[in-house]
Amino acid sequence: MKFPASVLPSVFLFVAEITAALYLSSTYRTAGDRIWQALTLLFSLLPCALVQLTLLFVHRDLSRDRPLVLLLHLLQLGPLFRCFEVFCIYCQSNNNEEPYVSITRKRQIPKDGLSEEIEREVGQAEGKLFAHRSAFSRASVIQAFLGSAPQLTLQLYISVLQQQVTIGRCFLMAISLLSIVYGALRCNILAIKIKYDEYEVKVKPLAYVCIFLWRSFEIATRVTVLVLFTSVLKSWVLVDILLNFFSFFFCPWILFWCSGSPFPENIEKALSRVGTTIVLCFLTLLYTGINMFCWSAVQLKINNPDLISKSQNWYQLLAYYMMRFIENATLLLLWYFFKTDIYMYVCAPLLVLQLLVGYCTAILFMLVFYQFFHPCKKLFSSSVSESFMAWIRCVCWMCVRQKSSESVEKSESKSTNSRTETPFSSKVTTEPSPTLDIDDPCSV
């Protein structure tokens, strides 16, 4: 049975971030910064409560008689109890033989065009461990993008305004960045396993390293750009945030309404239509929070039974990163022109160049992952390099077509000019002086 190692990072980041946030909020209270204290507590306690609700919802403890579990979750100790429960199940499964098992069938990734189907016996303990790992993965994503991402942005903004970084704030920012990167990594793995549910997916260590570097550069540059822009144009940053929020939040619902599909009823049998709507709105909110900081790796599709589009669309990926790069470049350009005296000792052109190069580095690691380290790359209808070459050929064809149309228009305009000039040439009686024709290479 596989050791549940993925539970440990989730619990560690959860406990470390809450502890660091509580300590830092106490320092803000001592210094008299009530606003920073309130925002720090908000971005730490709100995702903590959402994590508790997620664990209860996934394990369906609300419909079972487990008062102790509910009490521990109310005390915000749910992840610690779940971690203890996971290792108890793992230790007991090695000593006891289970009389009841279920059979699962998974297909292997095709090798040389052949794919075999493998049957595995899954016991009750292994099924419980799988449910726990899945619940912690989802909780890590929620904590990362609904708590750690705003927390990191807030603390970096405070550091820029105060022009100093304390030890407590530095530790909280480091933990928040690790939490976001880990949440994005889990989001990538969840997306792969959901899209290729019928296959046995094995992610190699180099794939984890590539995803970690990709997400680290992408999130760090994105947060830095937002903080720099906020420090000089506080009112305009709301326009950018609201535009991103409404675009990603309403896009899945608009596509759902345009499709004419019935309202999904198969999310959870115990939920009413109102409860299903609340869950879908929460999923859309999470989807929006992820896309505001990085590529979500999945496309929310409400009219799909799995709520996720399983098709691999390279053009959506290309469009997202092109628009995000243009947005980051625009925000940096506005910051460069409107920067204040607090950036007196900062080399602004070098900083802009570093951030743009950092974002391009993230895109490079993403392309390397999809081209070489994706566990299901053999199932792609077209690879990244093939799609990129097809896009380049399309752009070149459009440029050549535009140039040919311009040349045709120029030739037509010259012919019309020569036709209009011929009647006037017959009226001239004196012989004109010889001139050089610039368009004729033989006259030079």
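I'll start with Asn 291, which lies in helix 9; helices here are DSSP runs of H or I with at least four residues, numbered from the N terminus. Before going on: this is a predicted model, where local features need pLDDT of at least 70 and side-chain atom pairs count only at pLDDT 80 or more, while totals for chains, interfaces and linings use all residues. Residues are numbered from 1 along each chain as its sequence is written, and side-chain values use heavy atoms, with hydrogens and water left out.

Is Asn 291 buried or exposed? Asn 291 is buried, at a relative accessible area of 1%; buried means under 20%, exposed over 50%, and partly exposed in between, with a 1.4 Å probe and protein chains only. A polar atom of the Asn 291 side chain lies 2.9 Å from the backbone oxygen of Tyr 287. Setting aside neighbours within four places in sequence, Asn 291 is in contact with Phe 248, Ser 296, Tyr 320 and Arg 324, contact being heavy atoms within 4.5 Å.

Rings of Phe, Tyr and Trp (its six-membered ring) pair if their centres lie within 6.5 Å; planes under 30 degrees apart count as stacked, over 60 as edge-to-face, and the rest as tilted. The structure holds 18 aromatic pairs. In one of them, Trp 214 and Phe 369 have ring centres 6.1 Å apart and planes at 35°, so this pair is tilted. Trp 214 lies in helix 7 (residues 205-232) and Phe 369 in helix 11 (residues 348-373), so the pair ties together parts 155 residues apart in sequence. Both Trp 214 and Phe 369 are buried.

Arg 215 lies over the face of Trp 214, 4.2 Å from the ring centre. For a charge to sit over a ring, NZ of Lys or CZ of Arg must be within 6 Å of the ring centre and within 35 degrees of the ring normal.

Now the cores. A nonpolar core is a set of buried Ala, Val, Leu, Ile, Met, Phe, Trp, Tyr and Cys residues joined through side-chain atoms within 4.5 Å. Which residues touch the most other members of the largest one? Among its 48 residues, they are Phe 145 and Trp 335. Helix 5 gives the most to this core, with 11 residues. Apart from it lies another core, of 29 residues, including Leu 185, Phe 248, Ile 308 and Ala 362.

Definitions and conventions
Helix = DSSP H or I, 4+ residues; strand = E, 2+ residues; numbered from the N terminus. Polar contact = N/O pair within 3.5 Å; in protein donor to acceptor, adjacent residues only side chain to side chain.
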